[in-house]
Amino acid sequence: MRKQITGFSNPTVKYLRSLRDKKHRKRAGQFLVEGLRLLEDAREGGRLPRQLVLADRRDPHPLLERLEAEVDAAGGEVIETTPDILTKITGKSNPQSVAGVFDEWDTSLGALDCGTASIWLVAQALRDPGNLGTMLRTGDAVGAGGLILIDDCADPFSAEAVRASMGAIFTQGLAQARWEEFLPWLRSGSGQLVAASLRDAVPYRGAPYAAPCFILVGNESQGLPEDYEAACDLRVTMPMKGRADSLNAAVAGAVLAYEVLASLDD
């Protein structure tokens, strides 16, 4: 049965609204996702929301009906509320008619299996959630195993990052670690660490990439620390023909990912 919520002061509304804040997300271990497409991507990726929130005035949709049935069968909670309350929950003036609450999952390095893919993306101190989501989306596009976030990065479970990922957060592996933890983990296997760099770098076209290849990009404004670059197996650079001295971090990661993909496919 659906739970009906009609009051703005309802404790459930307050809780769902709190998930827009990183502090509350981390304390609860849950995050909020808005929109049928993202929820369908999650379902196809094997993840169902713990709570499904529906606007009481909405157009019928077979995907939404299937999602509701699967959430109910899995023991989740289905909530029906007004569009105004859904606006308060999501913080958007014109929200879609459905949102879901998901449990965060294990993002330790131990949860990843490097043998599942030939390409992995790694971002160090990436602060823009849009860039983070874009890198997840790029990873999905090139068939990467996932994204590893090093040091203090933006929250991958924020609404902005989830939205920018276009559902890839549910299809890509995801890990968070400090550099001091990541490097020994990587060196325990056969992965090649490749940095986008200007220091002692070779042209990115035709560079000797090897699988599994871990493509490392740095902070949007600072780039990679020098000692991080020194620890890489290969440093590559991309030509800058105009006045710009660098590419956006997510764009650089995408360019390198497709070059590595083409190289490994040859």
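Predicted model: local features only at pLDDT ≥ 70, side-chain atom pairs only at ≥ 80, totals over all residues.
Residues are numbered from 1 along each chain as its sequence is written, and side-chain values use heavy atoms, with hydrogens and water left out.

Secondary structure elements are DSSP runs numbered from the N terminus, with helices (H or I) of at least four residues and strands (E) of at least two. Strands are taken to pair if DSSP finds at least two bridges between them. On this basis, seven strands form an open sheet with parallel pairing, in the order E8-E7-E6-E11-E9-E12-E10. Its edges are strand E8 (173–177) and strand E10 (202–203), each of which pairs on one side only. Strand E6 (residues 119–124) is joined to strand E7 (residues 146–150) by four bridges in the parallel sense, and Leu121 stands opposite Leu147 in E7.

Axes are lines fitted to C-alpha atoms, for helices over the stretch in contact, and angles between N-to-C directions run from 0 to 180 degrees. Helix H8 (residues 179–187) lies across E6, E7, E8, strand E9 (192–196) and strand E11 (213–217), and runs at about 135° to E9.

Helix H6 (residues 129–142) and helix H10 (residues 249–265) have axes that come within 9 Å and cross at roughly 10°. H6 is therefore roughly parallel to H10, a class covering angles under 35 degrees, as against over 145 for roughly antiparallel, 65 to 115 for roughly perpendicular and the rest for oblique. Contact (heavy atoms within 4.5 Å) is made by Asn131, Thr134, Met135, Thr138, Ala141 and Val142 of H6 with Ala250, Ala254, Ala257, Tyr258 and Leu261 of H10. By class, this contact has eight nonpolar, three polar and no charged residues, where Ala, Val, Leu, Ile, Met, Phe, Trp, Tyr, Cys and Pro count as nonpolar, Asp, Glu, Lys and Arg as charged, and the others, Gly among them, as polar.

The axes of helix H3 (residues 36–44) and helix H4 (residues 62–73) come within 11 Å and cross at roughly 50°. H3 is accordingly oblique to H4. Leu36, Leu39, Glu40 and Arg43 of H3 make the contact with Leu63, Leu64, Arg66, Leu67 and Glu70 of H4; the contact has five nonpolar, no polar and four charged residues. Arg43 of H3 is buried, with a relative accessible area of 17%. Apart from neighbours within four places in sequence, Arg43 is in contact with Leu48, Arg66, Leu67 and Glu70.

Backbone geometry was also considered. Most residues other than glycine have a negative phi, and most peptide bonds are trans. Asp151, in the loop between E7 and helix H7 (159–164), has a positive phi of about 65° although it is not a glycine; at 14% relative accessibility, Asp151 is buried. Met166, in the loop between H7 and E8, has a positive phi near 55° and is partly exposed, with a relative accessible area of 31%. A cis peptide bond with omega of about -5° joins Ala211 and Pro212, and Pro212 lies in the loop between E10 and E11.

Terms used
Buried < 20%, exposed > 50% of the residue type's maximum accessible area, 1.4 Å probe, protein only.
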